[in-house]
Amino acid sequence: MRFLTTATLTAAFFALPLQAQDSHPDANRIASVGGAVTEIIYELGEEHRLVARDTTSVYPPAVHDLPDVGYMRRLSPEGVLSVNPDLVLTEPGSGPQETIDILTEAGVPFVPVPGGYSTQGILDRITSVSTVLGVPEKGAELAERIGAELATVEAMAAERAGDAKPRVLFVLSMPGGRLNVGGLNTRGDGIIKMAGAENAIQVFEEYRTLSDEAIIELAPDAILMMAPRGDHSTSTEDILAHPAVALTPAGQNAKVIRIDGTLLLGFGPRAAQGVQLLAEALYGGGEG
Amino acid sequence: MSMLTDASEAVASPIPPIRDRSHSARQMILILTGLLVVTSYFSLTTGAAGTSLLDALSALIHGEEISLRDKVVLWDIRLPRLAMGILVGASLAVCGALMQGLFRNPLADPGLVGVNAGAGLAAVSAIVLVGHLPLAIREATGYFLVPLAAFLGGWGTTLLLYRVATRRGQTSVATMLLAGIALGALSGAVGGILIYQANDDQLRDLTFWGMGSLAGATWLKVLVTAPVILLAISVAPLLGKGLNGLSLGEAAARHIGINVQRVKRLSILSVAAATGAAVAATGGIGFIGIVVPHLLRLAIGPDHRYLLPNAALLGAILLLISDMISRVIIAPAELPIGIVTAVLGSPVFLWILLRRRGVLDM
C-alpha cells in the first residue's frame, strides 16, 4: 500500500510539468514545423500522422514527399490550411502572429515545442512532442535512449578534452569575406559545449561578424562550420585562405571541422552523432 | 536640374498632341472596372486551399452550411486579402502617377517625398527596439506596432520634408527632392546602426518586411488602412486639372489660373498618407507605382483627369494578379509579393523604355 502511494506520488510529480502541454492524441493530420520536431515525430514512429512539413524539415529523406508549407517564420495561413491539418506542431519563433490567429480561428491548434540547445533541451523537446502526440510511453523510451547516447558521447568528449578545453569558433557563414560567428547561447555554442570544448566567443550573444583583428586576437584552436551544401557554400580552402584565419592556431593546423548542419544545429534525436563527429575531429579519431 | 526638365517634356507633352483621347480614356475606365471584377472573382477562388471553395461560395449563396475551414479561408483569409490588394494596389499606382505629375519626371515615385525612407526606418526601429519600449505600449499595439510605426514614420518624414522645402508659402519640389535624398541617406544610416544591433530573429523579420506580402491581411488591418487610403486617393480627382497645368511648368500653370501651391500640398499630403498606410500594411512592394502610370500613358495619353482613376483600377488589378501568383506558385508555401511585382514589373518597364527611347533621348 505504501509502495503504491509512493509510486502514485512519483508519477504525479513527473506528470506535473507535462500538464502545461496540451495533448492531442487524436491528431492525425499534423503539420510539423521545425527540423527537430519533425525528426522526433519520425523517431517516435508516428510519421503516418504527418501531412506537411516546413522548409527546415529535411531529414529523414522520406520527409521530402510531404508538401512544404514554407519558412517557419513566414507561414501562410491559407497554405497551412490547404493541407487540412488538425494540429500544427512548431518550434518557438514560428509565425507570424497573424497566421497563428487565423489558424486558431479555424480551430487548428498551433502548439510550440519548447527546448534549449543542450542535452536537457533535446530531452525536453522529445518529452513535449510525445506528450502532445499522446504517446508519452514511446517518448519516455526515446528520451531514455537518446539521453543515454548523449551522456555517453558527452562523457567521452569531456574525458578526451581533459582540462585543456580547445577553443572553437563556430562560423555560420562568410559573407563578403567576413566571418559571421556564433556567440553565447546560439546553437553553435550549445554543440561546442556538448563536445567538451569551449566557444572561442565569450563576450556576445547571437551571431555577429568579426573584424580580422578580432579573429587574430581570439586565436581559436579550431573552426567549426556546416558541411558545404551545393556550390554556393564557403569552401574549406576559402576559409583557410582568409588572411586573419591563417594567423590563428586553427588556420596554421588547418583545423577546419565541417559537419552536416542538421546534425550540428538540429538539436533533435541525431545530436549525439553530431557531438561524436565533432569530438572525434577535435581530439582525434578512435582511442588515440 | 536639366535632367528633370528634359524628362518632364517627354511625359508631359502629348506626342503627337493632336488626337483627343478622352473618349478612349473613358472607355478604359469601363474596361478596367470589368477586369477588376473578373480579377477579384479569380482572387477569391484561387489559392493553395483548392477549388472546393467554389462550392463553398455557392453554398454560402444558397444559405447552406459550409465547413469551418472553408469559412475561415474565404472570410478571414481571401476576402480581407482581396480588399487589401485593391486598396494597396490602387494607392501605389495613384501615388506613382501623382508623383510623376508633380515632379514632372517619369521616374518619380512616392519614395521621392521620403515616405518610404521614413516608414522603413520606423519599421526597423520598431522591430529592433521593441524590447526597450514600455510594456504598456507593447501590449496596447500588439502586432500593430510595426505598421503603426511605419505609418507615423512615413507621414512624419514627409511633413518634415514639406516644411523644409516650403518658404514664404511656396514649396520647391527641387528642394524637396534633394532634401529627400539627404534624409533618405540619413534614415539608411540610422537603420544600418539598428540592423547591426539586431539579433537573428529580428534580421529575418526585417528581410521579409522589406519584400512585402499581403499574407498578413486581416479584417482589422483592412478596417484601419481603408479610411486612410480611401480618403487620400479620393483627393486625386481634384488634382487632375492642376497636374495637367503643372506639366507646362510652374510659371505657365500659374498664368492659366492654377493654384500651384494647393496642388503641391494636396498631392504631397495625400501621397504620404496613402503610401504610408500601404507600406505599413504590406511592407515594401515595388514597381506598381512606376509601371502602371507608364502603361496607361501609352494607352490613353497623359491627361491626369483620366490617368488617375485608371491608375487606381489597373494598380489594383496588377497587385491582385501578382498576389495570386505569389500564393500559388510554390503552394502551400508563399512567395513574398514584392518579388513577384519586381519580376513582372522590371521587364515591362524596360519594354516601355525601349518603345519610348526615341522620346526620352530628346
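Modeller: Happy to. One term to start: contact means heavy atoms within 4.5 Å. Also, this is a predicted model.

Biologist: Good. Which residues of helix 5 of chain B meet helix 9 of chain B?

Modeller: From helix 5 of chain B they are B:Ala119, B:Gly120, B:Ala123, B:Val124, B:Ile127 and B:Val128.

Biologist: At what angle do the axes of helix 5 and helix 9 of chain B cross?

Modeller: Roughly 155°, and the axes come within 10 Å. The two helices are therefore roughly antiparallel to each other, since angles over 145 degrees count that way. Their crossing is right-handed.

Biologist: What about helix 4 and helix 14 of chain B, how do their axes cross?

Modeller: Helix 4 spans residues 68-103 of chain B and helix 14 spans residues 288-300; their axes cross at roughly 70° and come within 7 Å. That makes helix 4 of chain B roughly perpendicular to helix 14 of chain B.

Biologist: Which residues make that contact between helix 4 and helix 14 of chain B?

Modeller: On helix 4 of chain B, B:Gly89, B:Leu92, B:Ala93, B:Gly96, B:Ala97 and B:Gln100 take part. Helix 14 of chain B brings B:Ile288, B:Gly289, B:Ile290, B:Val292, B:Pro293, B:His294 and B:Arg297. By type, this contact of helix 4 with helix 14 of chain B has seven nonpolar residues, five polar and one charged.

Biologist: Left-handed or right-handed, that crossing of helix 4 and helix 14 of chain B?

Modeller: Right-handed.

Biologist: Switching to chain A, what domains is it divided into?

Modeller: Domain 1 covers 19-143 and domain 2 covers 165-281. Their centres, taken over C-alpha atoms, are 29 Å apart.

Biologist: How many residues are in contact between domain 1 and domain 2 of chain A?

Modeller: Twelve from domain 1 of chain A and 13 from domain 2. Together the two domains bury about 1100 Å², with carbon and sulfur atoms giving 64% of that area. A:Glu39, A:Tyr117 and A:Ile122 supply 53% of what domain 1 buries against domain 2, more than any other three residues.

Biologist: Last one: how many residues does each chain put into the contact of chain B and chain A?

Modeller: Chain B gives 29 residues and chain A gives 26. The chains bury about 2400 Å² between them, 56% of it on carbon and sulfur atoms. On the chain B side, B:Arg69, B:Tyr143 and B:Pro332 supply 24% of the area buried against chain A, more than any other three residues.

Terms used:
Residues are numbered from 1 along each chain as its sequence is written. Chains are lettered from A and ligands numbered from 1 in the order in which they are written. This is a predicted model: local features need pLDDT of at least 70, side-chain atom pairs count only at pLDDT 80 or more; totals for chains, interfaces and linings use all residues. Side-chain values use heavy atoms; hydrogens and water are left out. Axes are lines fitted to C-alpha atoms, for helices over the stretch in contact, and angles run from 0 to 180 degrees between N-to-C directions. Helices (H or I, at least four residues) and strands (E, at least two) are DSSP runs, numbered from the N terminus. Angles under 35 degrees count as roughly parallel, over 145 as roughly antiparallel, 65 to 115 as roughly perpendicular and the rest as oblique. A crossing is left-handed if the near helix is turned anticlockwise from the far one by less than a right angle, and right-handed if clockwise. Ala, Val, Leu, Ile, Met, Phe, Trp, Tyr, Cys and Pro count as nonpolar, Asp, Glu, Lys and Arg as charged, and the others, Gly among them, as polar. Domain bounds come from an automatic or database domain assignment. Buried area is the accessible area (1.4 Å probe) that two parts lose on being put together, summed over both.
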